[in-house]
Amino acid sequence: MSKVQGGMKCVKYLLFVFNFIFWLSGLLVLAVGLWLRFDPGTAQLLTGDGAPETFFIAVYILLGAGGLMMIVGFFGCFGAVRESQCLLASFFACLLIIFGAEIAAGVFGFLNKEQIVEEVQKFYSSSISDVTNVNATAVAEIYHKTLNCCGGSTSDATNPLCADYAKETPDCLTAISEFFNEKLHVIGFIGIGIAGVMIIGMIFSMVLCCAIRNNREVI
């Protein structure tokens, strides 16, 4: 028999719905993480000896967070259906931890956004400046084809690698900045949406948990 009645029964099913949305959010985060990791453009730009790993570290954290959110969302749904005070309390604690971790990761990403872009720009600059190195030349060509750009400074205009490109071709340092800022903005918008879902889930789980406890005390 259900431990909650009336309005709390509505809260129970709302919590189930929000947990299901949270599970779907975890699936979305996982999908975005896989897209960022295996996106041909990103993979090509960050493949090679000496390529910066900061961006992929953030992506791996995103993949881990997505998997954890799916697990927590599943147990939240199960706890709501079973009206388990222990599972709901554990779900609330997990959401609080994930929420705190997301805030910390967001602050870290915001503070290090320029560093990620600068590391990739330095990697490209070192590649195009060493035209005698076959591997470096190949890396620079990948950047040129992927971002449709060439060079990063006035001195690069006479670089042999840029000889076949028109003068109007944008420089790669600007193209790199725009490319990664776009990726990071996608992560930011998704993070804000998921944070809102988590806050609602925490409120409903605590309300339902308190209702179950109060009903037990009455009985």
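Contact, throughout this tour, means heavy atoms within 4.5 Å of each other. The structure is a predicted model, in which local features need pLDDT of at least 70 and side-chain atom pairs count only at pLDDT 80 or more, while totals for chains, interfaces and linings use all residues. Residues are numbered from 1 along each chain as its sequence is written, and side-chain values use heavy atoms, with hydrogens and water left out.

**The whole chain**

Helices here are DSSP runs of H or I with at least four residues, strands are runs of E with at least two, and both are numbered from the N terminus. Of the 219 residues, 39% count as buried, where buried means under 20% relative accessible area, exposed means over 50%, and partly exposed lies in between, for a 1.4 Å probe and protein chains only. Among the contacts in the protein with a separation of 6 or more, 72% are accounted for by residues 24 or more positions apart.

**Annotated spans**

Next, select residues 12–35, 55–81, 88–111 and 186–212, where UniProt, in an unreviewed entry, places the feature "transmembrane region"; the positions are given in the numbering used here, feature names are shortened, and such annotations may be inferred rather than shown by experiment. Residues 88–111 are 100% helix and 0% strand, with the end C-alpha atoms 34 Å apart. Residues 186–212 are likewise 100% helix and 0% strand, and the end C-alpha atoms of this span lie 39 Å apart.

**Phe18 in α1**

Now centre the view on Phe18, which is found in helix α1 (residues 7–38). Which residues does Phe18 contact, once its neighbours within four places in sequence are left aside? Val197, Ile200 and Phe204 are in contact with Phe18 on that basis.

**Where α5 meets α6**

Move on to helix α5 (residues 113–129) and helix α6 (residues 134–147), which pack at an angle of about 125° with their axes 8 Å apart. The axes are lines fitted to C-alpha atoms, for helices over the stretch in contact, and the angles run from 0 to 180 degrees between N-to-C directions. The two helices α5 and α6 are therefore oblique to each other, since angles under 35 degrees count as roughly parallel, over 145 as roughly antiparallel, 65 to 115 as roughly perpendicular and the rest as oblique. To see what makes the contact, show the side chains of Val120, Phe123, Tyr124, Ser127 and Ile128 on α5, together with Ala136, Thr137, Val139, Ala140, Tyr143 and His144 on α6.

Within this group, pick Ser127 of helix α5, which counts as buried because its relative accessibility is 4%. Ser127 touches Ala136, Thr137, Val139 and Ala140, not counting residues up to four places away in sequence.

Then step to Asp130, in the loop between α5 and α6, where a relative accessibility of 29% makes the residue partly exposed. With residues up to four places away in sequence not counted, Asp130 touches Ala136 and Thr137. The C-alpha atoms of Asp130 and Ala140 are separated by 9.6 Å, with the two residues 10 residues apart along the chain.

**Two exposed residues**

Return to helix α5 and select Lys122, which counts as exposed at 61% relative accessibility. Lys122 and Leu173 are 8.9 Å apart in space, C-alpha to C-alpha, and 51 residues apart in sequence.

Finish at Asn148, in the loop between α6 and α7 (172–218), which is exposed with a relative accessible area of 54%. Most residues other than glycine have a negative phi.
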